[in-house]
Amino acid sequence: MKRVAYYKGCSLEGLAVEYDRSTRIVCEAFGIELVEIPDWNCCGSTPAHSYDPLLSAALAGRNLAIAADNGCDMVMTPCPGCLKSLKGAQETCEDPQQRKAFVDLVGKDVDGLKTVSLLQLLYEEVGAEALQKAVQRPLTGHVLIPYYGCLLTRPAQKARFDDPENPISMDRLIEATGATAPDFPYKTECCGATYGVTRNDFVGRLGGRILDMAARLGGEAIVVACPLCQQNLDMRQKQINKYYKSAFNLPVPYISQIIGLALGIDPKVLGLNKLCVSPRVLLEDRTQPDQEAQRVGAAVKPGPNQPGGIAGGESIQPS
Amino acid sequence: MRIGVFVCNCGTNIAGTVDTKRVASEALSFADVVYATNYMYTCSEPGQQEIQRAIGEHGLQGVVVAACSPRMHEPTFRRAVEKAGLNRYMFEMANIREHVSWIGNDREANTQKAIDLVRMAVAKLRFNNPLFSSKMPVNKRLLVIGGGVAGIQAALDCADGGMDVVMVERKQYIGGKMAKLDKTFPTIDCSSCILGPKMVDVSQKENITLYAASEIESISGYIGNFTVQIRKKATYVNWEACTGCGLCTEKCPSKKAADYFNEGLGAARAINIPFPQAIPKKAAIDAQFCRQLNGKKCGVCAKVCPVQAVDFEMKDSIVTEQVGAIIVATGYDLFDHSAYGEYGAGRYPDVISGIQYERILSASGPYGGHIRRPSDGKEPKDIVFISCVGSRDASVGRPYCSGICCMYIAKQAILTRDHLPESNSYVFYMDIRSPGKNYDEFVRRAQEEYGVQYIRGRVGKIYPRGDRMVVQGADTLLGVQVEVEADLVVLATGVESSAGAGELAEKLRISYDQYGFYMESHPKLRPVETNTAGVYLAGACQGPKDIPSSVAQGSAAASKVQSLFAHDTIETNPQVALVNERTCISCGKCIQVCPFGAIQWKELRGGIKKAEVLPTVCQGCGVCNATCPPKAIQLQHATDNQILAEVNELCA
């Protein structure tokens, strides 16, 4: 059993509790032992690094140091924001000019640790092939939109995972569950999360664009790997609809929930009932091809030559 | 020995951080130094005269100049001392500019280091011996590697001068990238109309031997006497017999072969002649797609060929050519835009590269010169051009400017308007770089007369919407985001070094930069020479270049070769290894380690074998010197005694 230190971060204690639950279950199913970092503290997130980069590095670095003390060589966090902080701590520790200050604050260096996201752990340590073999309840016939968000693969030199602009790891995992993952052009676009409180109109516009494109591609749900994306697209979907004058009704499950579903785990245990937009549509069994499935399937196969089924859009509009 | 030391101020280049006066006065205390001075510009004419005057006045037998790197001015000073009656090897240079003054600001430390370097040079000079070069005949044949426009120009220039030229081209046709272009900027003249006659000239000149579909296997020898092995790749067609009638292509049943000439936009037959004007106009089989060569029953081409030229049993063959000089004109490749995930990573058929669009524009291209989209063959109405794809972008390892893209975009936008007057063209650019003659006027014309919309800003994303592409970018002049819906997106893919440039450089023993472009001997003053004597550069293999510059460099390289070939003999370099037969123990280690095969056995009377150096083959690397157990083999001008004298001074 592979031992991986687990840094869940604050979101997974509150709004994203279902992300935490499904992550643990899925990892266990694949024989990965998650060791929750004892006495973990806040990663510092945006406030810390905008106040003092060294403070940010030290806050995140303390967690890494504890993980190392617990004999782990890999740290996994499901939250891309935490991931960025943890990677920033490692970068600070490696920087010859800041190394001493960092070690003085944290008490030790954090060399030799690998920090990964849940997506990277599942994609690299488990793999699409193993997932495909483990599927009990194939999601065949469902069309799931892979949405990575802005931070998971960027900045490239920090993330060092997948293509920063055109990532495919989640696409492959979704396909392994039997579902269809259309080529989603907005897979790394901003959902407006930073302005979630101060400028709701930004979320309306940016989130609306993402939901709109997902709907045009025939998506039934938008699969995410970030608590903030999830919150923005799911909890605020009604607000977005109001702003965008639309009627989107797209559930926004986490990738861990989708994988859990495919593994045959009870949806309630995975916390699917915690989502604001009901994911009931995902529970339909479409493995017996009926007319409905064929219709959806045809609409979402935009072969490179013929992006069919999508309505023509707006003209040039400097906005 | 009576030694004179001359310390150069190099204006303030050296004197700014080195006390040259003190270096000179210290030098006077070194053994055998009878004269020392500092001078403003030692390499200037009065500076050289000062050295010559001192030689006469003080009876100097050796000279040390402490100045810049010997790379540039060692020959200058050697000539100067030779004129004053000394042997040119009774001269030493201490580099106190690149190695001292340019790299440190501590005046005291610099001065001390300069003194040390001068002391070492003096110590070495005390063990110098006069050396004399011999003369060798020059083989007045030229090898041109690469048959693009630069190589063609160089070959024709030299052939016009009456020299024998051997041209080796990797592809089955000559003409290079220019043969694929529709029109050329800034005059919009037809590329194949101006290049075609030159290509024909190459094939018709009796003193040009053309090896197409061939590559350089190995190169040995030295300036004036290179031996080149050329691998003629199997084309499965006997080119002696092939008449280029094209019947085989017509009947070939393998219709889905890769169309390299049309950049993958069309499909070729497995046996084909890439384009109508191809030189040589000979068919070749693409083994990857040929049915017969892949174990299936076919052989149609062999049956229909009226001259029985098809030979499925053909193998690569090696030919050997003797030449005296080499011009490298291997050109460039274009950046593969699949590195850009945000531009679709190559998965959208209507997001194409500049060279693909060039083929679309060309009358001999896949669509017969009608502008259509690759995806559905529709005529595009809105076309977006994006500059700097794989140029000026450190994140993809291409921080340099490709220099040609701004111009070819303007040309393609103008041609688009000519072909489709109702269309709209948009250009996203970072900066417009158009410094050539009539270049900026040309871009202006695109903007003002042809109504091409230039938008200053980068594109962040391209994605499909319906059957069109959405180009999402920034207009940094207006400070807003813009979205343009386009039917076709053309990426101005940048220039990168030719595939295999590094391996060829190693065969030629020339250097290349971190991007694979070959290094010229001096960035300003020796632009077509390499640091290997007798090897010259032309065209984009040295760095991104447009057609006028490539042609100019082709002619420049040709003129260098002609001035070399104007001599019947060249002087050999006497700085080669020499065996002391009395101490040689005949172990043969030097023969094993010599990378140039310059050492052989020599039989003395009584059957005793001793090592012998072939001075014309020896490159003076010194590996044998370091290997020889009894130190019987010594590299002249860098003997053990000379090096130890330097080390002793440094450690004293």
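**View 1. The two domains of chain A.** Chain A is divided into domain 1 (2-118) and domain 2 (137-299). The model shown here is predicted. Taken over C-alpha atoms, the centres of domain 1 and domain 2 of chain A are separated by 25 Å. Their contact takes 21 residues from domain 1 of chain A and 21 residues from domain 2 of chain A. On the side of domain 1 that touches domain 2, helix 1 (17-29) and helix 4 (80-94) of chain A each supply at least two residues. Helix 1 of chain A gives the most to this side, with nine residues. By type, the residues on this side of domain 1 of chain A divide into eleven nonpolar, five polar and five charged.

**View 2. Helix 10 of chain A and its surroundings.** Helix 10 of chain A covers residues 200-216, which makes 17 residues. From its first C-alpha to its last, helix 10 reaches 24 Å, close to the 24 Å expected at 1.5 Å a residue. In an α-helix there are 3.6 residues a turn, so residues three or four places apart point the same way. Which residues of helix 10 of chain A are buried? They are A:Val203, A:Leu206, A:Gly207, A:Gly208, A:Ile210, A:Leu211, A:Met213, A:Ala214 and A:Arg216. These buried residues pack against two strands of chain A, strand 5 (144-146) and strand 6 (221-223). They also pack against helix 11 (227-235) and helix 12 (237-244) of chain A. After helix 10 of chain A comes A:Gly218, with a positive phi near 85°.

**View 3. A:Gln98 in a loop of chain A.** The loop between helix 4 and helix 5 (99-106) of chain A holds A:Gln98. A:Gln98 counts as partly exposed, because it has 15 C-beta neighbours inside 10 Å. Leaving aside residues up to four places away in sequence, A:Gln98 touches A:Leu54 and A:Thr92. A:Gln98 and A:Leu54 are 44 residues apart along the chain, yet 8.3 Å separates their C-alpha atoms.

**View 4. Two residues with positive phi.** Most residues other than glycine have a negative phi. A:Ser45 is not a glycine, but its phi is positive, about 45°. A:Ser45 belongs to helix 2 (residues 45-51) of chain A. With 19 other C-beta atoms within 10 Å, A:Ser45 is partly exposed. In chain B, B:Cys388 is not a glycine either, and has a positive phi of about 55°. B:Cys388 sits in strand 21 (residues 382-389) of chain B. Is B:Cys388 buried or exposed? B:Cys388 counts as buried, because it has 24 C-beta neighbours inside 10 Å.

**View 5. Two cis peptide bonds.** Most peptide bonds are trans. The bond from A:Arg154 to A:Pro155 is cis, with omega near -10°. A:Pro155 lies in the loop between strand 5 and helix 8 (156-159) of chain A. In chain B, a cis peptide bond joins B:Ile279 and B:Pro280, with omega about -5°. B:Pro280 is in the loop between strand 15 (271-272) and strand 16 (284-285) of chain B.

**View 6. A three-stranded sheet in chain B.** In chain B, three strands form an open sheet in the order 24-25-26, with antiparallel pairing. Strand 24 (459-465) and strand 26 (480-486) of chain B stand at the edges. Each has a single partner strand, so one side of each is left without a neighbour in the sheet. Neighbouring strands of this sheet are turned by 20° against each other on average, direction ignored. Strands of a sheet pair through backbone hydrogen bonds. How many bridges link strand 24 and strand 25 (residues 468-475) of chain B? These strands pair in the antiparallel sense over six bridges. B:Ile462 has B:Val471, in strand 25 of chain B, as its bridge partner.

View 7. Chain B has 17 helices and 34 strands. Its C-alpha atoms fill a box of roughly 85 × 70 × 40 Å along the principal axes. Of the 652 residues of chain B, 47% count as buried. The domain assignment of chain B includes domain 1 (3-125) and domain 3 (247-304). The C-alpha centres of domain 1 and domain 3 of chain B lie 66 Å apart. Domain 2 of chain B is given as 141-231 + 316-331 + 513-565. Among contacts in chain B with a separation of 6 or more, 69% join residues 24 or more positions apart.

Technical notes
Residues numbered from 1 in each chain as written. Chains lettered and ligands numbered in written order. Predicted model: local features only at pLDDT ≥ 70, side-chain atom pairs only at ≥ 80, totals over all residues. Helix = DSSP H or I, 4+ residues; strand = E, 2+ residues; numbered from the N terminus. Expected span 1.5 Å × (residues − 1). Buried ≥ 20, exposed ≤ 12 C-beta atoms within 10 Å, placed from the backbone. Contact = placed C-beta atoms within 7 Å. Domains from an automatic or database assignment. Pairing = 2+ DSSP bridges. Axes fitted to C-alpha atoms, helices over the stretch in contact; angles between N-to-C directions. Nonpolar A, V, L, I, M, F, W, Y, C, P; charged D, E, K, R; others polar.
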